Amino acid sequence: ALGDGSRSQDELRALEVLGLETDADFETVKKAWRARAKEVHPDVRPGDAEAAKAFQAFQVAYEVLRQAEERRTWKG
């Protein structure tokens, strides 16, 4: 189960970046990431350095959580 201490500090930070609870499932992660990344996407906010930074942060957060999810899934 999640939220039981099985999440790493990196995962918890990533969830925070995406504005999610510690027990959010991966579907929720994916939806939140898509929504947030869309708002600050370079195509949507060209030349906006803050938006670019936020976009990068969301990408990194998503990647951390995606890899953690894969590790969990493989463990079965």
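The model is predicted, so to speak of local features a pLDDT of at least 70 is needed, side-chain atom pairs count only at pLDDT 80 or more, and totals for chains, interfaces and linings use all residues. Residues are numbered from 1 along each chain as its sequence is written, and side-chain values use heavy atoms, with hydrogens and water left out.

The largest cavity holds about 40 Å³ of space, where a volume is the space filled by probe spheres set on the grid points, which are joined across faces, edges and corners. Its lining (residues with an atom within 4 Å of a point) is made up of R7, A24, D25, F26, V29, L65, E69 and R72. By class, this lining has 4 nonpolar, no polar and 4 charged residues; here Ala, Val, Leu, Ile, Met, Phe, Trp, Tyr, Cys and Pro count as nonpolar, Asp, Glu, Lys and Arg as charged, and the others, Gly among them, as polar. Helices α2 (26-39) and α3 (49-75) each supply at least two lining residues, and α3 gives the largest share, with 3 residues. Helices are DSSP runs (H or I, at least four residues), numbered from the N terminus.

One of the lining residues, R7, sits in the segment before α1 (9-17). R7 is buried, at a relative accessible area of 11%; buried means under 20%, exposed over 50% and partly exposed in between (1.4 Å probe, protein chains only). Its side chain reaches the backbone oxygen of T22 at 2.8 Å, and a polar atom of the R7 side chain also lies 2.8 Å from the backbone oxygen of A24.

After α1 comes G19, with a positive phi near 70 degrees.

Within helix α3 lies F55, also buried, with a relative accessible area of 15%. Leaving aside residues up to four places away in sequence, F55 touches A37, V40, H41 and P42, contact meaning heavy atoms within 4.5 Å.

Technical notes:
On a 1 Å grid over the protein atoms alone, a cavity is a set of points where a 1.4 Å probe fits but cannot get out, and a pocket is an open set with protein on both sides within 12 Å along at least five of seven lines; lining residues have an atom within 4 Å of a point. A polar contact is a pair of N or O atoms within 3.5 Å; within protein, one must be able to donate a hydrogen and the other to accept it, and residues adjacent in sequence count only if both atoms are side-chain atoms.
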